[in-house]
Amino acid sequence: MIIHLKNTVAEEEAQRIAEELQAILIAKEEIVLVTPSKLQELPAHLTSKVSKAVAVPNDIQLASKLYMNETRSITIGDTTIGGSSNNTLMITGPCSVENEEQIEKAAKFCVEQGVKVLRAGCYKPRTSPYSFQGLGLQGLKLLAKMRDKYGLKIITEVRDASHVDDVIEYTDIIQIGAKAMYDHGILRRCGEARKPVLLKRGFGSTLQEFVQAAEFILSGGNDEVILCERGIRTFETNTRFTLDLCGVAFLKEKTNLPVILDPSHAMGYAYGVPDLARACVAMGIEGLLIESHPTPKEAWSDAAQQLNFDEYAELLASLKSVAQAVGRKLV
Ligand code: PEP
Ligand code: MN
């Protein structure tokens, strides 16, 4: 149950009520308590202290449409997604920052295409220790340079708790990678941050587990969480993962969080990305994350799935009418 306390309730008393109800206390303009979802009725002696109480059937609580009916609005620079906007935010860039020349080409390409958010990883969650692990802090500094020089916003990923503070400091949107979705150290630290977080779905996670991971961030006091479906593991091996569009329909129906889709990691091969991207935009989503690279074949990570700049430009042009057909605007 989510309980908003009246502002006449002092913090000390709120703490006491939180203890009584085994609730997490979120102190903002209002004090909000989130109890385990098995509490379905407000104890009678508390009714005079409460301005609003919402019981939800399971631990999708703060993210639930039952709590907040409209998709949460999140502002990135001069762009808003969710809320009453019908914007679909375009995000592109290479899998990894490799060197200044490469990331500058990517930044210039974003500007040329009118894409406002540049993506690239500096701490790569690679499956093998012998693969390129990312440039680390040096990469973050290159991204910050591109932000200053080209007026772009930056999204880059956190792989583990050792560098979460650096990523929070340098980036505009914190990306939590699929493999880090269950890392409670990262989730809790991002709950304290005051920057939007894009949480990727673990490829072996149910939708319930995915949204509950988002609840760790929300209940830590960070309201700005975006969900990202990037493909789940199924029995199929011809594609890298399987993009769960049914799951996207569920998230849109049941949660109040903006949803961004990543068809690049789902497909794993550039040939499938444009068609999938069009299907994603047709779902009516808040954003689309696509990997692109000046020379994909030479990429240091995820070479097979990145679009070259001509392919991305062609895709973007074709997406405009798809967005329009579902009442959306690409931004
Ligand atoms: C990425 O965005 O480059 C990435 C590693 O994604 P994921 O966490 O979805 O595998
Ligand atoms: Mn990648």
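Mentor: Two notes before we start. This is a predicted model, where local features need pLDDT of at least 70 and side-chain atom pairs count only at pLDDT 80 or more, while totals for chains, interfaces and linings use all residues. Residues are numbered from 1 along each chain as its sequence is written, chains are lettered from A and ligands numbered from 1 in the order in which they are written, and side-chain values use heavy atoms, with hydrogens and water left out.

Trainee: Thanks! What makes something a pocket, and what is the volume of the largest pocket?

Mentor: On a 1 Å grid over the protein atoms alone, a pocket is an open set of points with protein on both sides within 12 Å along at least five of seven lines, whereas a cavity is a set of points where a 1.4 Å probe fits but cannot get out. Points are joined across faces, edges and corners, and a volume is the space filled by probe spheres set on them. For the largest pocket that volume is about 390 Å³.

Trainee: How do you know which residues line the largest pocket, and of what classes are they?

Mentor: A lining residue has an atom within 4 Å of a point. The largest pocket has 20 of them, with Pro125, Lys179, Arg230, Arg240 and His265 nearest its centre. By class, ten are charged, five polar and five nonpolar. Here Ala, Val, Leu, Ile, Met, Phe, Trp, Tyr, Cys and Pro count as nonpolar, Asp, Glu, Lys and Arg as charged, and the others, Gly among them, as polar.

Trainee: Why is the second largest pocket said to lie between domain 1 and domain 2?

Mentor: Domain bounds come from an automatic or database domain assignment, which here gives domain 1 (2-54) and domain 2 (74-330). Both domains give residues to the lining of this pocket, so the pocket lies between them. Its 17 lining residues include Ile24, Asp59, Glu215, Phe216 and Ser219, which lie nearest its centre. The pocket holds about 330 Å³ of space.

Trainee: Which element supplies the largest share of that lining?

Mentor: That is α6, with six residues. Helices (H or I, at least four residues) and strands (E, at least two) are DSSP runs, numbered from the N terminus. Both α5 (184-192) and α6 (207-219) supply at least two residues of the lining.

Trainee: What makes a group of residues a nonpolar core?

Mentor: It is a set of buried Ala, Val, Leu, Ile, Met, Phe, Trp, Tyr and Cys residues joined through side-chain atoms within 4.5 Å. Buried means under 20% relative accessible area, exposed over 50%, and partly exposed in between (1.4 Å probe, protein chains only). The largest core has 78 residues, and Ile103, Leu118, Ile176, Leu199 and Leu288 touch the most other members. Both domain 1 and domain 2 give residues to this core, so it lies between them. A second, separate core of 14 residues includes Ile74, Ile76, Ile81 and Ile91.

Trainee: What is Ile176 in contact with, beyond its neighbours within four places in sequence?

Mentor: Contact means heavy atoms within 4.5 Å. Among the partners of Ile176 are Val158, Met181, Leu199 and Ile217.

Trainee: Now the loops. Is Gln22 buried or exposed? And Asp302?

Mentor: Gln22 has a relative accessible area of 61%, so it is exposed by the over 50% cut-off. Asp302, at 17%, falls under 20% and therefore counts as buried. Gln22 is in the loop between α1 (11-21) and β2 (24-27), and Asp302 is in the loop between β14 (287-291) and α10 (309-325).

Trainee: Why is Tyr182 called partly exposed?

Mentor: Its relative accessibility is 46%, which lies between the 20% and 50% cut-offs, so Tyr182 counts as partly exposed. Tyr182 touches Gly204, Ser205 and Glu209, not counting residues up to four places away in sequence.
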